[in-house]
Amino acid sequence: MEKKQLLVLFLLVFQIGFSQDKILFVYDKTTNLPIENANIFYPNLNEGTFTNSEGKASIYIRNSDLKISSIGFEDEILDMNKKKTLDTIFLKPTIVQLDEIVVKSFNLNKALQYVLDKYDELYANTPFEKECNFKETVIVDNQLKRLILAKVNWWDKKYELQKKSDIKLRLGAIDYNKNIPLNIFIDVPRINENKSGYVVPNSLVSTIYLNSLLSNFIKNTKNLSSKVEESSPDQIAVSFESEWAIINDVSSRSIGKFVFDKNSRAILDFINTIEYRNKLTKGIVKENQKESINETKKSYMRLTFYKIPNDKWTLKSFESNVEGSISYDNKTHPSVFGNSIYVLKETSINKVNNDGLIDLSKPIYQSLPAKTITSTNSILLNKEESDFVENK
C-alpha cells in the first residue's frame, strides 16, 4: 500500500512539474536586440503565445516540439531537451537576396488582387474558434491611463467578412484591468470619469478580416508606388507609399509594407500607417461651453499570419493604434489608443453557445467579465506596464 501511495505521489508531482511555465527570451542574433511579437508555438497542438516588447514570454511546458518564429528570421525548433536547458533564444535573420528580375517585374496591385481572387484557397475557410489575448492601452500625456489584458474567444464560420457574418466574441478571464481618469476634463466630472476615451469594438471588426481590410485598402489608396525591399528563399517584402489625398478638407496618405509567401503568394504580414492632416473633431461641453478638439494624426495597423497543417494561412496577430491629441481649456494632451489581438490557440468548431457574448457597440471594459473561458498562455507585460499595474 505504501509503495502504491508513493507511486501516486510521484506521478502527481511529475505531472505538476511537467505542466509548469517556462520563461523564454528571444533576441535578434545579429543585433542582440529583443524581438517583439515573436510567435512561440506548439505546431502539433495549435497553441502558443507571443513575446512582449522586451522579447520575453511565458509558455506552458508541453510534451511537444516548440517552434519560435518571427517574420524576417529563421525558425527555431526546441525539442524536450532544449526546452529544459535553454531560456534564451537567438533568431538568425533570413538572408536578403534581392533578385533583379523580381524587383523589376513585381506588380503590387496585381499581387493584392490575386490574394482577393484566391482568398478561399489561401486562407482558412472553415468554422473556427480562436482563443485570444485582447489587449487595450490608453496613453495620455505620455502616461498609461488604461491597461486591459483579457481572454477573448472569437468564433466565426470562416475568416472572411461577409454581409451576414456570424461573428461572436466572448470575454473570459481578465488578467489585468486598470483604468484611471484621463485628467483632461477635470472641471467636468461627467466627462472625466474613468471610462472616458475608448475605441468601440465594432469599428475594429472589419480590420481584423484581411479580405475586408484589403478591399478597402485597394479602393481608398490611390497612386500607390511600391518597391521590393527584401527577398529571401521563401518570402518577399514590398514597401509602399501613396500620394497625399484630400477628402472633405482632410489630407491623408498610406505608408507600409506587405510580406508575401513566395510559394502560395499569400500575404503573411501587412503593415499600414495612415498619416493625417487636419483631421479634427470639434465639440462644445454643454456644462461650461468650452471647446474641445480631438485631432487624429496617425493610425497604425498590422496583421500577421501563419501556415496551418492543411497549407492554408490563418491569423496570428492583429495590432492597431491611433495617435493624436485632445485639446481642452488651452491645453493639448497627446494621446495614443491601442488595441491588439494575439491568437493563443485555434480549434475547428461548427457551433458555439452565446454565453458571455460581447456587445460590439460598447467599449470592451463595459463588458467585463462573464466567466473564465480558457486557461491558455498569456502574453507578459513589459516593465512600464507592470509598474503601472503595481502603482510604481
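**Stop one: a histidine and its surroundings**

Select H333 and show what it touches: beyond its neighbours within four places in sequence, H333 is in contact with V140, D141, N183, I184, G324, S325 and I326. Keep in mind as you look that this is a predicted model. H333 belongs to strand 19, which covers residues 331-348. Is H333 buried or exposed? Its relative accessibility is 8%, so H333 counts as buried.

**Stop two: aromatic rings**

Next, colour the aromatic rings; the structure holds 19 aromatic pairs. Pick Y119 and Y159: this pair is stacked, because the ring centres are 6.5 Å apart and the planes sit at 25 degrees. Y119 is in helix 5 (residues 119-122) and Y159 is in the loop between strand 9 (143-156) and strand 10 (168-179), so the pair ties together parts 40 residues apart in sequence. Both Y119 and Y159 are buried.

Hop over to F217 and F240 for an edge-to-face pair, with 5.1 Å from centre to centre and 70 degrees between the planes. F217 sits in helix 8 (residues 210-220) and F240 in strand 12 (residues 235-242), 23 residues apart. F217 counts as buried at 5% relative accessibility, and F240 does too at 3%.

Then select Y119, Y123, F128, W154, Y159, Y209 and F305 together: ring pairs link them into a cluster.

**Stop three: charges over rings**

Finish with R277, which lies over the face of W244, 3.7 Å from the ring centre. Then find K279, whose charged end sits over the ring of Y276 at 4.2 Å from its centre.

Technical notes
Residues numbered from 1 in each chain as written. Predicted model: local features only at pLDDT ≥ 70, side-chain atom pairs only at ≥ 80, totals over all residues. Heavy atoms only, no water. Helix = DSSP H or I, 4+ residues; strand = E, 2+ residues; numbered from the N terminus. Buried < 20%, exposed > 50% of the residue type's maximum accessible area, 1.4 Å probe, protein only. Contact = heavy atoms within 4.5 Å. Phe/Tyr/Trp six-rings, centres within 6.5 Å; stacked < 30°, edge-to-face > 60°. Lys NZ or Arg CZ within 6 Å of the ring centre and 35° of its normal.
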